[in-house]
Amino acid sequence: TEKLYPLFLSRDKNVYEFPPKCVVLKYNEKEILAELKNEAKRSRAFGMLVKHYRELLYWKIRHIVINHEDANDVLQNTFISIWNKIDGFQHRSQLSTWIYRIAINESLDFLRSKKNSPGPYDSALSRTLLADAYFDGDEAQALLQEAIATLPEVQRVVFNLHYFDEMKYREISQILRTSEGALKASYHLAVMKISAYLKRHD
């Protein structure tokens, strides 16, 4: 049985800080995909995929689930899911699109599980963030994150991808498999709700 690449990440904040381009220059998606199909090279190839995507995915997930430790847990689940599903990748989209879709689905599954758990998850989030050693924002940024946490799941994802990641609606449409028109409507509603929340708590 092939050993899964050791992807469980340290909770040290520095694990997400990489020297510029040190990994990107060695990453070739076509070669990685070919090696992932080769049992003898699969672990090495997956290790390179993890190094290439872990910081990108961490911040995409973190913007959705907000809490650092939760983001770390969802990130690990994302890579496990990628490992388990890589043989089913059909090349109908870019590998990055496929990977982002898995990360977002894992994030949404996490939010739904929290919604079904006892106790409020989203309330008073700004105070939680300000006490989080991994959050380096101020009170205004913490309040913004609290406002984002009140959004419905899809609106939260669309807002984060468009606002923080500066992704175009065409790219988001490929990831979420939703029309651009519906995405624009979701983003507009999200902005209105966030603005109203911030005014109420000003």
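Confidence first, since this is a predicted model. In the protein chain, the lowest confidence falls in helix α5, residues 125–130, with a mean of 58, and the highest falls in α9, at 94. Over residues 1–25 the pLDDT is below 50, although this stretch still has 46 contacts in the model beyond near neighbours in sequence. Where pLDDT is low, the predicted coordinates should not be read in detail. For the protein chain, the average pLDDT is 79, and 76% of the residues score at least 70.

Now the overall layout. The protein chain has nine helices and zero strands. It has 202 residues, and 44% of them count as buried. If you take the contacts between residues at least 6 apart in sequence, 67% of those join residues at least 24 apart.

I will go through two helix pairs, starting with α6 and α9. Helix α6 covers residues 139–149 and helix α9 covers residues 180–200. Their axes are 9 Å apart, and the packing angle is about 130°. Angles over 145 degrees would count as roughly antiparallel, and 65 to 115 as roughly perpendicular. The pair α6 and α9 is therefore oblique. The crossing of these two helices is right-handed.

Which residues of α6 and α9 meet? From α6 they are L143, L144, E146, A147 and I148, and from α9 they are I194, Y197 and L198. Sorted by class, this contact has seven nonpolar residues, no polar ones and one charged one.

Is α6 mostly covered or mostly open? It is mostly covered, with eight of its eleven residues buried. The buried residues in α6 are A142, L143, L144, Q145, E146, A147, I148 and A149.

Helix α7 runs over residues 153–164, and helix α8 over residues 169–176. Their axes come within 10 Å and cross at roughly 140°. That makes α7 and α8 oblique to each other as well, and their crossing is right-handed. On the α7 side the residues in contact are V157, V158, L161 and H162, and on the α8 side they are Y169, I172 and L176. By class that gives six nonpolar residues, one polar and no charged.

S96 lies in helix α4, residues 95–115. Buried or exposed? The relative accessibility of S96 is 15%, and the cut-off for buried is under 20%, so S96 counts as buried. Leaving aside neighbours within four places in sequence, S96 is in contact with E29 and Y53.

The other two residues are picked for their backbone. Most residues other than glycine have a negative phi. H91 is not a glycine, yet has a positive phi of about 65°. H91 is found in the loop between α3, residues 68–85, and α4. With a relative accessible area of 52%, H91 is exposed.

R177 also has a positive phi, near 55°, in a residue other than glycine. Where does R177 sit? In the loop between α8 and α9. R177 is exposed, with a relative accessible area of 65%.

To close, back to α9: this helix has the highest confidence in the chain, and α6 packs against it at about 130°.

Terms used:
Residues numbered from 1 in each chain as written. Predicted model: local features only at pLDDT ≥ 70, side-chain atom pairs only at ≥ 80, totals over all residues. Heavy atoms only, no water. Axes fitted to C-alpha atoms, helices over the stretch in contact; angles between N-to-C directions. Helix = DSSP H or I, 4+ residues; strand = E, 2+ residues; numbered from the N terminus. Parallel < 35°, antiparallel > 145°, perpendicular 65-115°, else oblique. Left-handed = near helix turned anticlockwise from the far one by under 90°. Contact = heavy atoms within 4.5 Å. Nonpolar A, V, L, I, M, F, W, Y, C, P; charged D, E, K, R; others polar. pLDDT = per-residue confidence, 0-100. Buried < 20%, exposed > 50% of the residue type's maximum accessible area, 1.4 Å probe, protein only.
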